[in-house]
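This report concerns a single protein chain. Please have the sequence and the model at hand while reading.

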Amino acid sequence: MDGVTVGSAARGRTITTEVPARLDRLPWSRWHWMIVIGLGTVWILDGLEVTVVGNIASRLSEDGSGLAVTDAQVTGLGAALYVSGACSGALFFGWLTDRYGRKKLFLITLAVYLAATAMTALSFSAWWFFLFRFLTGFGIGGEYAAINSAIDELIPSKYRGRVDLIINGSYWLGAMGGALLSVLALNTDIFPKDLGWRLTFGLGVVLGLVILVVRRHVPESPRWMFIHGHEQGAEELVDDVERQVEEEKGEPLPAPGRPITIEQRESVGFVEIAKTLFRSYPKRAVLGFALFIGQAFLYNAITFGFSSILVKFFDVSSGATGYFFAVIAFGNFLGPLLLGRFFDTVGRKVMIAGTYLLSGALLFVTAWFFSQGWLNATTMTACWCVVLFFASAGASSAYLTVSEIFPMETRAMAIAFFYAIGTAAGGISGPLVFSDLTSSGVVDDAVLAFCIGAALMTVAGTVAAFFAVDAEGKALEDIATPLSVREATAGG
């Protein structure tokens with residue numbers, strides 16, 4: 001086998017492999033586009049889900065919707081249940097992802113999402129709606145761990161930062177679609193009150209089925225394969241990819257970098273994962289918490305509550321809020337799209353800290369403008385576009401950060417852990433707090449909500465300025481030494 005020296009026993013064998021170096025030296029190709037399309041599209045679904053619920057909240061609370069719920073329940077309790085489901089799903093499926101592989105789990109988690117979303121569309125009572133909002137989040141949370149692991153392990157180090165940011169930022173394409181879809185669904189001249197919102201969830205199922213078909217062609221991570229005793233399959237997969245790329249480019253590939261020697265293992269226990277995260281990498285652990293809490297509080301709270309802000313403070317009709325949110329979503333997507341490459345060139349530390357600090361400062365300014373009564377629905381939306389242009393790049397970099405700064409054997413669980421803890425702190429409490437503050441109709445309450453989000457983003461940016469890792473252009477194995485490497489010690 002090319003590049004592999006095999007030891008004795010099937011379990012605990014020692015092998016030397018060039019698979020990571022061979023993957024990192026690949027030029028960008030059609031094969032990489034297949035990975036991006038197959039894995040990145042889930043964020044479009046997540047954006048669609050969150051935005052649709054936020055924009056149809058007012059309609060669900062109206063008489064004739066078919067559900068006996070209030071606006072505050074949908075944007076508060078419903079949002080918190082969705083996020084708590086995502087946190088639980090991330091932890092549950094994250095452990096399974098590290099144990100059983102990336103591909104199995106990114107197919108299973110999508111199937112869970114599809115089933116739960118279909119059941120949401122059939123809601124006949126409040127408890128049914130809230131139950132399947134939780135289960136929809138459960139599937140989406142599992143997607144985060146499985147997919148971010150696969151992305152980082154399949155994309156060459158030269159492009160990893162920008163690709164990861166743009167894929168995570170594609171959430172906002174779904175948000176745009178969800179916002180515009182809600183405008184159509186809430187038009188009672190086209191659909192009855194109790195039907196339009198159901199069709200929006202039904203569309204999510206249709207899109208998910210299309211993604212499932214595409215995703216079947218995305219391979220397992222060769223990095224996961226050679227650690228878990230499937231080194232021959234990993235070699236054959238990389239051989240095939242190299243052959244495809246050479247045929248496409250019409251020239252031989254350069255020689256790979258240095259090989260890596262590891263001792264194969266089946267899985268890593270929770271105790272070893274905890275020791276690795278907090279004993280070997282304490283500063284990186286603090287960084288992960290700060291980034292996730294800041295962005296989760298800001299995004300989950302504001303995303304779920306923006307429609308209510310427009311309706312209560314600017315007299316925008318519930319059927320028109322989708323137009324405003326579509327504009328904000330577009331600004332969010334432009335952030336990772338236009339700033340992503342600088343995370344690979346200027347560097348991780350400068351860009352992560354800069355986007356968090358700048359978005360926090362701009363949010364404080366927006367809160368002050370709002371408190372002075374200087375904003376209307378249009379100028380408020382413009383301010384949010386500017387704030388979230390930078391915030392979305394920063395938020396996307398949180399997923400990139402925790403997926404690349406810890407050892408390969410713990411990658412999915414590290415993503416799941418920081419996502420779950422950070423999102424539970426910011427994403428569950430955020431909607432509950434913000435729904436009360438924004439639904440009160442009192443300007444000072446909404447200003448307080450904005451300032452809380454701005455403060456947390458500023459704190460996270462300050463932490464990043466000191467603790468962020470210069471991971472740009474580096475192989476994953478150089479950023480954090482794999483636990484399976486022979487005679488290797490992890491560094492902080």
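## Basis of the report

The model is predicted, and local features need pLDDT of at least 70, side-chain atom pairs count only at pLDDT 80 or more, and totals for chains, interfaces and linings use all residues. Residues are numbered from 1 along each chain as its sequence is written, and side-chain values use heavy atoms, with hydrogens and water left out.

## Overall architecture

The protein chain contains 20 helices and 3 strands. These elements are DSSP runs numbered from the N terminus, with helices being H or I of at least four residues and strands being E of at least two.

Of the 492 residues in the protein chain, 59% count as buried. Here, buried means under 20% relative accessible area, exposed means over 50%, and partly exposed lies in between, using a 1.4 Å probe and protein chains only. The accessible surface of the protein chain comes to about 17,600 Å², and 64% of this surface belongs to carbon and sulfur atoms. Such areas come from the Shrake-Rupley method with a 1.4 Å probe, and for residues only the protein chains shown count as cover. Among contacts between residues at least 6 apart in sequence, 85% join residues at least 24 apart; a contact means heavy atoms within 4.5 Å.

## Helix 7 and helix 8

Helix 7 (residues 160–169) packs against helix 8 (residues 171–185) at an angle of about 20°, and the two axes are 4 Å apart. Axes are lines fitted to C-alpha atoms, for helices over the stretch in contact, and angles run from 0 to 180 degrees between N-to-C directions. Helix 7 and helix 8 are therefore roughly parallel to each other. Angles under 35 degrees count as roughly parallel, those over 145 as roughly antiparallel, those from 65 to 115 as roughly perpendicular, and the rest as oblique.

Ile 167, Asn 168 and Gly 169 of helix 7 make the contact with Tyr 171, Trp 172 and Leu 173 of helix 8. By class, this contact of helix 7 with helix 8 has 4 nonpolar, 2 polar and no charged residues. In this scheme Ala, Val, Leu, Ile, Met, Phe, Trp, Tyr, Cys and Pro are nonpolar, Asp, Glu, Lys and Arg are charged, and the others, Gly among them, are polar. Helix 7 is mostly covered, with 8 of its 10 residues buried. The buried residues of helix 7 include Arg 160, Asp 164 and Ile 167.

## Salt bridges

Side chains of opposite charge can pair when their charged atoms come close. A salt bridge is a side-chain nitrogen of Lys or Arg within 4 Å of a carboxyl oxygen of Asp or Glu, and by this rule the count comes to 17 salt bridges. In one of these, the side chains of Arg 22 and Glu 242 meet at 2.7 Å, N to O. Arg 22 lies in helix 1 (residues 19–24) and Glu 242 in helix 11 (residues 231–249), so this pair ties together parts that are 220 residues apart in sequence. Both Arg 22 and Glu 242 are buried. Glu 242 also meets Arg 25 in a salt bridge (2.3 Å, N to O). Because Arg 25 is in the loop between helix 1 and helix 2 (30–40) while Glu 242 is in helix 11, that pair ties together parts 217 residues apart in sequence.

Arg 411 forms a salt bridge with Glu 153, whose closest N and O atoms are 2.7 Å apart. Arg 411 belongs to helix 18 (residues 411–439) and Glu 153 to helix 6 (residues 126–154), so the pair ties together parts that are 258 residues apart in sequence. Arg 411 and Glu 153 are both buried. Salt bridges that share partners join Arg 22, Arg 25, Glu 235, Asp 239 and Glu 242 into one network.

## Individual residues

Leu 237 is placed in helix 11 and counts as buried at 16% relative accessibility. Not counting residues up to four places away in sequence, Leu 237 touches Trp 31, Pro 219, Glu 220, Pro 222 and Met 225. Leu 77, in helix 4 (residues 71–100), counts as partly exposed at 38% relative accessibility. The C-alpha atoms of Leu 77 and Phe 130 are separated by 8.0 Å, although the residues are 53 apart along the chain.

Most residues other than glycine have a negative phi. Asp 315 has a phi near 55°, a positive value in a residue other than glycine. Asp 315 is found in the loop between helix 13 (282–314) and helix 14 (321–339), and is exposed, with a relative accessible area of 71%.
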